[in-house]
Amino acid sequence: MRRSLCAAGLLALIAFTNASVAEDATKTIGEIERIDPAFDALVPEDAKIEVLADGFEWSEGPVWVESKGCLLFSDIPNNRIVKWKPGKGTDVFMQPSGYTGAHKFDGKEPGTNGLAVSPEGHLTMCCHGDRNITQIVDGERRVLVSHYEGKRFNSPNDLVYDTEGNLYFTDPPYGLPGGLNGPEAELDFCGVYRFSKDGKLTLLTKECPRPNGIALSPDQKTLYVADSQECHWKAFPLKEDGTFGDSKMFYDAGQWRGKRPGGSDGLKVDTQGNVWATGPGGVLVFNPEGKLLGRISTGERTANCAFGPDGTLYMTADMYLCRVKTNAKGLIGSK
């Protein structure tokens with residue numbers, strides 16, 4: 001299914017009107033907590049959490065688009081994707097984004113959530129309101145997948161490509177009015193799925209009550225999934241055919257639930273296998289064995305993060321877009 005962005009008025013390259021902060025702003029928030037000495041090699045001692053822009057309803061799903069030299073991220077309640085470019089600040093990149101009016105929707109989170117760039121360079125979006133995964137190809141919207149066994153998804157949340165172009169994504173009900181018990185629900189579970197490059201959709205697991213963020217290890221042999229209901233992260237071994245082996249607990253952050261803002265949400269993995277996961281208080285940084293090394297504590301409900309090409313970690317934290325300098329490098333599909 002294809003729909004012209006121009007014909008539908010979906011590409012809004014207009015001045016961003018919300019309050020924003022210039023690229024050279026000195027505003028900082030939060031603090032950086034160093035728990036293990038290994039953290040010092042990842043985050044410089046003088047690193048600060050800088051605010052690049054603010055005034056968003058709920059910022060999510062950042063992705064660095066190398067071909068355009070900019071960061072894109074979702075402002076879910078406002079049904080738009082925002083562009084931030086060094087030295088230029090923010091513009092509305094696309095509005096509407098996750099809900100284009102194809103069916104009735106009266107929820108509070110209509111927009112896109114997770115964003116990714118395919119190996120071919122196409123922007124790929126988890127669309128809450130439209131309840132599908134959509135890709136932008138040659139300036140047009142193309143729905144990749146929208147149903148499982150004839151039933152519409154709940155509200156696709158986050159996604160990651162492997163190096164072969166297969167897509168993994170989560171489908172909790174956070175963008176679905178009424179959730180799984182609402183009148184619009186068609187599935188009675190929240191799944192983690194694989195959409196192969198040849199168009200085959202596979203349900204990988206139902207075991208996560210509320211699967212959320214998702215990321216791959218550098219060797220493509222482990223898929224990490226955040227469960228925001230349980231406030232933990234699980235590691236799933238990937239078999240040769242892309243399906244799951246038995247999961248294991250990667251890290252349980254339940255001890256901080258309610259004590260620090262936010263929960264287990266989006267995550268990215270660097271080239272050394274360290275996991276940078278948004279959780280209670282900010283971004284928790286783990287080594288590949290699941291040992292907590294440190295925390296980038298924004299003090300806000302931090303939804304997701306993404307690496308830029310120079311090791312900068314961009315973070316969407318409630319009303320803010322932030323960044324912190326790191327010595328890490330993001331994986332392909334995590335940029």
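Which residues is Thr112 in contact with, leaving aside its neighbours within four places in sequence? They are Ser74, Ile76, Arg80, Ile81, Ser97, Gly98, Met125, Cys126 and Cys127. Contact here means heavy atoms within 4.5 Å.

This is a predicted model, in which local features need pLDDT of at least 70 and side-chain atom pairs count only at pLDDT 80 or more, while totals for chains, interfaces and linings use all residues. Residues are numbered from 1 along each chain as its sequence is written, and side-chain values use heavy atoms, with hydrogens and water left out.

**Confidence**

pLDDT is the predictor's confidence in each residue, from 0 to 100. The protein averages a pLDDT of 92. At least 70 is reached by 91% of the residues. Over residues 1-24, pLDDT stays under 50. For that stretch the model has 61 contacts beyond four places in sequence. Where pLDDT is low, the predicted coordinates should not be read in detail.

Thr112 is found in strand β9, residues 112-117. Strands (E, at least two residues) are DSSP runs, numbered from the N terminus; helices are runs of H or I with at least four residues. Thr112 counts as buried, at 0% relative accessibility. Buried means under 20% relative accessible area, exposed over 50%, and partly exposed in between (1.4 Å probe, protein chains only). Thr112 and Gly129 are 17 residues apart along the chain, and their C-alpha atoms are separated by 7.8 Å.

Gly175 is found in the loop between β16 (167-171) and β17 (191-195). Gly175 is also buried, with a relative accessible area of 3%. Not counting residues up to four places away in sequence, Gly175 touches Phe105, Glu109, His128 and Ser155. Leu123 is 52 residues from Gly175 in sequence and 20 Å away in space, C-alpha to C-alpha.

**Nonpolar cores**

A nonpolar core is a set of buried Ala, Val, Leu, Ile, Met, Phe, Trp, Tyr and Cys residues joined through side-chain atoms within 4.5 Å. The largest has 22 residues. Trp276, Ile296, Leu313, Met315 and Cys322 touch the most other members. At least two residues of this core come from each of β25 (282-286), β26 (292-297), β27 (302-307), β28 (313-317) and β29 (320-324). A second, separate core has 18 residues, including Ala215, Val269, Leu284 and Phe286.

Beyond four places in sequence, Leu313 is in contact with Trp276, Val283, Ile296, Cys305, Ala306, Phe307, Cys322, Arg323, Val324 and Thr326. In soluble globular proteins, nonpolar side chains tend to be buried together.

**Aromatic rings**

Rings of Phe, Tyr and Trp (its six-membered ring) pair if their centres lie within 6.5 Å; planes under 30 degrees apart count as stacked, over 60 as edge-to-face and the rest as tilted. The count comes to 17 aromatic pairs. Phe236 and Phe244 are a stacked pair, because their ring centres are 4.3 Å apart and their planes are at 20°. Phe236 is buried at 1% relative accessibility, and Phe244 is buried at 11%. One aromatic cluster is formed by Tyr224, Trp233, Phe250, Tyr251, Trp256 and Phe286.

Two charges over rings are tabulated below. A charge sits over a ring if NZ of Lys or CZ of Arg is within 6 Å of the ring centre and within 35 degrees of the ring normal.

| Charged residue | Ring | Distance from ring centre |
|---|---|---|
| Lys206 | Phe189 | 4.5 Å |
| Arg295 | Trp256 | 4.4 Å |

**Cysteines**

Cys127 is buried at 0% relative accessibility. Cys70 is buried too, with a relative accessible area of 1%.

**Backbone**

Most residues other than glycine have a negative phi, and most peptide bonds are trans. Gln95 and Pro96 are joined by a cis peptide bond, with omega about 0°. Pro96 is found in the loop between β8 (89-94) and β9.

Asp138 has a positive phi, near 50°. This residue lies in the loop between β11 (132-137) and β12 (140-145). Asp138 is exposed, with a relative accessible area of 70%. Phi of Gln220 is also positive, near 65°. Gln220 lies in the loop between β19 (211-216) and β20 (222-227). At 24% relative accessibility, Gln220 is partly exposed.
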